[in-house]
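Okay, thanks everyone for coming. Let me put the structure up, and then I'll talk you through a few parts of it.

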Amino acid sequence: MQRARIPTAAALRVTATAFILLLSPFVFRLNGHTHADWLQFFGRFHPALLHIPIGFIVLVPILEVAGVRRTALRESAGFVLRLAVAFALPTLALGYMLAYGSGDTGSTVTGHMWGAIVLCISLMICALVRPAWTIGQQPRVYPALLTFSLLALLWTGHQGGSLSHGSDYLTRYMPAGMRHVFSSSPPGIGADPASFYAQRIHPVLDQKCVACHGSSTEKGGLRLDSYPNLMHGGKDGLVVIAGKPEASVLLARVTLPTSDKHFMPAEGRTPLTPDEIKMIRAWITAGASSTATSIPGFAAAAQSGDPPPQPVGDYSALMPEIQRMQQQQGAKLVLVSAKPSDGLILRTVDIASTFNDAQLAQFQKFAPYIVEAELSRTDITDAAFETLRSFTHLRALRLDGTAITGSGLAKLAPLKQLTYLNLSNTHLTMQAAATLKSMPQLRHVYLFNTPAEPDQASAKSKP
Amino acid sequence: MKQHPLCTDCEPELDITSLPIPAGLKRGWSAIETRRRFLGRSGKVLGWAALASLLGESALRSHGADVKNPALATRNNLGLPHFAPKAKRAIYLFMSGGPPQMDLLDYKPGLAAQFNKDIPDSVRGSQQLTGMTAGQSRFPIAPSHWAFKQHGQTGTWVSELLPYTARMIDDLTIVKTVNTDAINHEPAIMLINTGNMNPGKPCLGSWLAYGLGSMNDNLPTFIVLQTKTNPKENNQPVSSRLWSSGFLSSEYAGVGLRSGGDPVLYLADPDGVDRDTRRKMLDAVEQINRQTQSDVGDPETNARIAQYEMAFRMQASVPELTDLSKEPQSTWDLYGPDAKIPGTFTYNCLLARRMAERGVRFTQVYKRGWDVHGDVVGVLPVLCQETDRACYALITDLKRRGLLDDTLVVWAGEFGRTVYSQGGLSADNYGRDHHPRCFTTWMVGGGLRPGITYGETDDYSYNIVKDPVHVRNFNATILACLGIDHNKLTYEFQGLDQRLTGPAPAYVVQGLLA
């Protein structure tokens, strides 16, 4: 029986290449500095080229399996595998040039890089051991390596996708239950949650800066995703100098003319608004503290005060029914905005005088997607609270002008997102109104022209 | 408009992609741009660029309209609101004629010392004046006749003419630096309403009706209320050109309710005609109209069908809307005695609140008479008496009923008035001419930042020194409160992607938003 030997020259080549691949990250360290422009110029072809080796790599196992029946296909698998190696290596090189040239750092970048290196080495070994496998020797090594390569491809590709589309790209529109499993909780911000930094500064940085200066990408070695990281600065030193806004690079970079090449946020991302800049300047002037809760001239909490709305789950399966309702007269569900996850409004004004508890109960299956229920001047009664308690995403509830007395109002207590409750012109009793105290989430409560109306103001706004 | 040299906030530069040219042309343009760049670098890919522009053309959207309900079909295609709106509806209190800002909210304490002195040339510059004052040999400064006091926690200065407005001053978002391009009523009132000085464009209300649609199928989406004129005041004409739907289907035009007698003429069925008979008649008319529509294909026929249906439903909904008998005593205590007299501004404000409750998307209340060229001291107190308490009552009423959270209320005229006196200036009277360079408006409600005064004018309330707000930006901001991106709400007409803010770039004034 013929015994296939791995050619020494080929083995040497693979070893040498693997050695270079493993070594280069330590020679050309990704340290946050940008390098020559030509590196980036070529590097930017990486996202285009990378699809070619992926195609080849995925094709290899298909050909190998199909080759069980048609031997010609198995012969071509070897060729495709070598093609995969031939394209994977330049892709890796371009990717490295991109990261090195643009000064990218961060856990996702390094993850992507090591994934690709491991993948390339694994592919080369695959190509090396395949001839032995084709003649029946070492039946396990090649399949195992190929499987490993595919897994490495999956991991590397996901890291790359996170880099270009953002790490929450896959999870953002995931149904809520699934997302709960997949997405990790946001990391701590290293500051007192009640502080001015946490309330006002961090949200700005998080929205405008962290895409490039966060855990997944650290341009210039700078991370702005937490207070310690912000104060630690980047490769070029500190970006915030407490008490000295004019010396703080962070402020300087965002206040340059937009045409300046050092202007931040770069690459045409949304600039900071004058108010945000003013706020950051005031915070730095006041000592850039992680604990101070107020800064002269600014309120600690954002002025709107209402918590940000939570996206509702996926209701696309119910869309045909929602559309049918819209075509007809009667109660209907209306999209809050063009973005489906903003939820639905239950609108009854067309048939308010005949809309009753039984009709409301029919909307039960839409319950988790309804963020606002307009039940003003309808025929509903206190029995409606039984249905309404299942409207888990409800933010605004209008019951004004109904015969509600408030008995059973406490059933709304678990609705954690309910901030607006209108009970004007109802028969709300003092006793029922007292249960409102057990709902700290409510921020806008209206009791005008009810037996429970307070003497002074009918509108109560809790801080 | 030339900007004042002291003004540091310049309005942004023109950008080709924000022009209201058809989307197809834009794609064509970007294809050409790509081709130029491509040729400049490699020079061998002409075929690719040509292919790209061909694909761009074929991707042009096609207008498909549902015959049964054209309005609905269009709206679904529009994808509106573009983002979650803070306000679902709006009430626009329009002060036709141009209220004098320095007598109401734009306090200029330095003017008293300059009584009867000429306004410095450096302030007036080379501005063109109206025919009414261009011939004047002097432009003597007329300080406000009324005292100002600080009110509320914000300490905002308010004229003694507006005691009720002063009570709600902490809720208002005051804009002192709205400016317009026109110096005469007709072009200015068209510009602020429709974004264009010439008639033929849809007004704000029509754009909202087109873009957001109705919230209540039994009432018009856009209702206009006119206030009966006071013959003592100088009333400028206000007519349906201001609530026209322009090139949009006429079902989006404002529906005017009459200010006296029946709000809608012939609303009640004649004797002997009951509701079923009326229904049968309408069904027959609809059949004939549908036949006409299929023969001729004029979309206005669909609008006509929709309007007949609306009128039928309004026979039931309008009497309920205008029946004030069930209003509690607290309403009358708040609005005052004028609220019981149909046609007064106060009555209209009360109706506007009732419409807001019933899901009317946009209500515009017109109050004429602010054109105070002469006898400011005699006329202005009357105007303020007619409107001040009503505005306060409306806002307070909306607020206590929990409606102000998602209702936007706007108070504005078409321009401001001059600091110098038109005609003779005496110790106790003066007149004021039109002034487009700055005027003061206020807004309140959903989406706005309450208790702020935005923008600053110079010591003469003549030029803007900080944060100018052109009327198109004012309109863009109103749209933003209602969840609309003013650049995206467009309608293809006469080769342009028409929009409310017109062809010049407009932006949302973020400083006004919460």
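**A covered helix in chain B**

So, let's start with helix 6 of chain B, where the buried residues are B:His185, B:Ala188, B:Ile189, B:Met190, B:Leu191, B:Ile192, B:Asn193 and B:Thr194. Buried here is a residue with 20 or more other C-beta atoms within 10 Å of its own, against 12 or fewer for exposed and partly exposed in between, with C-beta atoms placed from the backbone. Helices, by the way, are DSSP runs of H or I with at least four residues, strands are runs of E with at least two, and both are numbered from the N terminus.

Before I go on, this is a predicted model: local features need pLDDT of at least 70, side-chain atom pairs count only at pLDDT 80 or more, and totals for chains, interfaces and linings use all residues. Residues are numbered from 1 along each chain as its sequence is written, while chains are lettered from A and ligands numbered from 1 in the order in which they are written.

Back to helix 6 of chain B, residues 185-194: eight of its ten residues are buried, so it's mostly covered. What do those buried residues pack against? Helix 7 (204-212), strand 8 (407-412) and helix 13 (471-481) of chain B, with contact meaning C-beta atoms, placed from the backbone, within 7 Å. Just after the helix, B:Gly195 has a positive phi of about 80°.

Now the cores. A nonpolar core is a set of buried Ala, Val, Leu, Ile, Met, Phe, Trp, Tyr and Cys residues joined through C-beta atoms within 7 Å. The largest has 119 residues, and B:Leu93, B:Val410 and B:Leu482 have the most contacts inside it. Helix 12 of chain B, residues 376-400, gives the most to this core, with twelve residues. Leaving out residues up to four places away in sequence, B:Leu482 touches B:Pro81, B:Pro85, B:Ala87, B:Ala90, B:Leu208, B:Leu212 and B:Leu408. Another core lies apart from that one, with 41 residues, including A:Val349 and A:Phe391.

Over to chain A, then. It has 16 helices and seven strands, and 35% of its 463 residues count as buried. Take contacts in chain A between residues at least 6 apart in sequence: 62% of them join residues at least 24 apart.

Note on methods: Two residues are in contact if their C-beta atoms, placed from the backbone, lie within 7 Å.
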